[in-house]
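The sequence and structure come first.

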Amino acid sequence: MADEQNLETIMGLIINGGNAKSSAMEAIQSAKKGDFDQAAAKLQESDAALSEAHNVQTGMLTKEASGDHIDVTLLTVHSQDHLMNAITFRDLAGEVVDVYRKMAGLPVETY
């Protein structure tokens, strides 16, 4: 049972990280088309997915700190890598959207 719960937790990180990255990419594509309202909405979607992933990760860290250790597998490492890449991509997407806003003569927002 514990292995199944660990797998669900790990998959939660991968899924939410992937959703966050996809939404961030959609934000860039929307900004590229000049649809800055949609870009902002996609960045918010990305933030929501990252928040969900962060909650999952916090749960893992809390278990670890309380002595409930999990085996670190390649899949566990992959899930953490996936999440960190999504966070980096989200941060960069906010900057790219700002560049498109500036090129369109609009004020730069802080995403």
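A polar contact is a pair of N or O atoms within 3.5 Å; within protein, one must be able to donate a hydrogen and the other to accept it, and residues adjacent in sequence count only if both atoms are side-chain atoms. The side chains of Lys42 and Glu26 are joined by such a contact, of 2.7 Å. This is a predicted model, in which local features need pLDDT of at least 70 and side-chain atom pairs count only at pLDDT 80 or more, while totals for chains, interfaces and linings use all residues. Residues are numbered from 1 along each chain as its sequence is written, and side-chain values use heavy atoms, with hydrogens and water left out.

**Lys42**
- Lys42 is found in helix 2, residues 36-65 (helices are DSSP runs of H or I, at least four residues, numbered from the N terminus).
- With a relative accessible area of 13%, Lys42 is buried (buried means under 20% relative accessible area, exposed over 50%, partly exposed in between, with a 1.4 Å probe and protein chains only).
- Not counting residues up to four places away in sequence, Lys42 touches Ser23, Glu26 and Ala27 (contact means heavy atoms within 4.5 Å).

**Nonpolar cores**
- The largest nonpolar core has nine residues, including Ala27, Phe36, Ala39 and Val97 (a nonpolar core is a set of buried Ala, Val, Leu, Ile, Met, Phe, Trp, Tyr and Cys residues joined through side-chain atoms within 4.5 Å).
- Helix 1, helix 2 and helix 3 each supply at least two residues of this core, and the largest share, four residues, comes from helix 1.
- Ala39 touches Ala27, Ser30, Ala31 and Val97, not counting residues up to four places away in sequence.
- Another core, of eight residues, lies apart from it, and Ala20, Leu50, Ala53 and Ala86 are among its members.

**Largest pocket**
- The largest pocket has a volume of about 210 Å³ (a pocket is an open set of points on a 1 Å grid over the protein atoms alone, where a 1.4 Å probe fits, with protein on both sides within 12 Å along at least five of seven lines; lining residues have an atom within 4 Å of a point).
- The lining has 15 residues, of which Thr9, Gly59, Met60, Leu61 and Ile70 are the closest to the pocket centre.
- Helix 2 gives the most to this lining, with seven residues.

**Asn85**
- Asn85 is in helix 3 and is partly exposed at 42% relative accessibility.
- The C-alpha atoms of Asn85 and Arg101 are separated by 24 Å, the two residues being 16 residues apart along the chain.

Definitions and conventions
Grid points are joined across faces, edges and corners, and a volume is the space filled by probe spheres set on the points.
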